[in-house]
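Hi there,

Here is the structure I promised to pass on to you. Have a look at it first, and then read my notes below.

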Amino acid sequence: MVTVDSGITVAVSAIAANDYVINGAVQTNAYAGGTVALDAAHASLPRIDIITIDTAGTVGKVTGTAATTPYPPAIGDTK
């Protein structure tokens, strides 16, 4: 689960090994939980960011592009 922690930082709940699938494969790396700091928002345009976990069990972010009609950013096959 991802929730607002403080300001532009989000808290990410722990993820157990074997509890997530990437590109069709069940992943064996766990994530202990923690926070991810997002980039500052655009002054007037919305943006979609995605919180990810990769095959090594590392949580991170993919920052979208601010636009009048924003689209989710591409995350690739390893997240």
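This is a predicted model: local features need pLDDT of at least 70, side-chain atom pairs count only at pLDDT 80 or more; totals for chains, interfaces and linings use all residues.

Three strands make up an open sheet, and their order is β1-β2-β5, with antiparallel pairing. Because β1 (2–6) and β5 stand at the edges with a single partner strand each, one side of each has no neighbour in the sheet. From one strand to the next, the twist averages 40°. As background, strands of a sheet pair through backbone hydrogen bonds, in either a parallel or an antiparallel way.

**The core.** In soluble globular proteins, nonpolar side chains tend to be buried together. Here, the largest nonpolar core consists of eight residues: Val10, Val12, Tyr20, Ile22, Tyr31, Val36, Ile53 and Val59. Now pick out Val59: leaving aside neighbours within four places in sequence, Val59 contacts Val12, Tyr31, Val36, Ile51, Thr52 and Ile53.

**A residue in a loop.** Is Gln27 buried or exposed? Gln27 lies in the loop between β4 (25–26) and β5 (34–37). Its relative accessible area is 9%, and buried means under 20%, so Gln27 is buried. Not counting residues up to four places away in sequence, Gln27 touches Ala17, Asn18, Asp19, Tyr20, Ile22 and Thr55.

Enjoy exploring!

Best wishes

Key. Residues are numbered from 1 along each chain as its sequence is written. Side-chain values use heavy atoms; hydrogens and water are left out. A nonpolar core is a set of buried Ala, Val, Leu, Ile, Met, Phe, Trp, Tyr and Cys residues joined through side-chain atoms within 4.5 Å. Buried means under 20% relative accessible area, exposed over 50%, partly exposed in between (1.4 Å probe, protein chains only). Contact means heavy atoms within 4.5 Å. Helices (H or I, at least four residues) and strands (E, at least two) are DSSP runs, numbered from the N terminus. Two strands pair if DSSP finds at least two bridges between them. Axes are lines fitted to C-alpha atoms, for helices over the stretch in contact, and angles run from 0 to 180 degrees between N-to-C directions.
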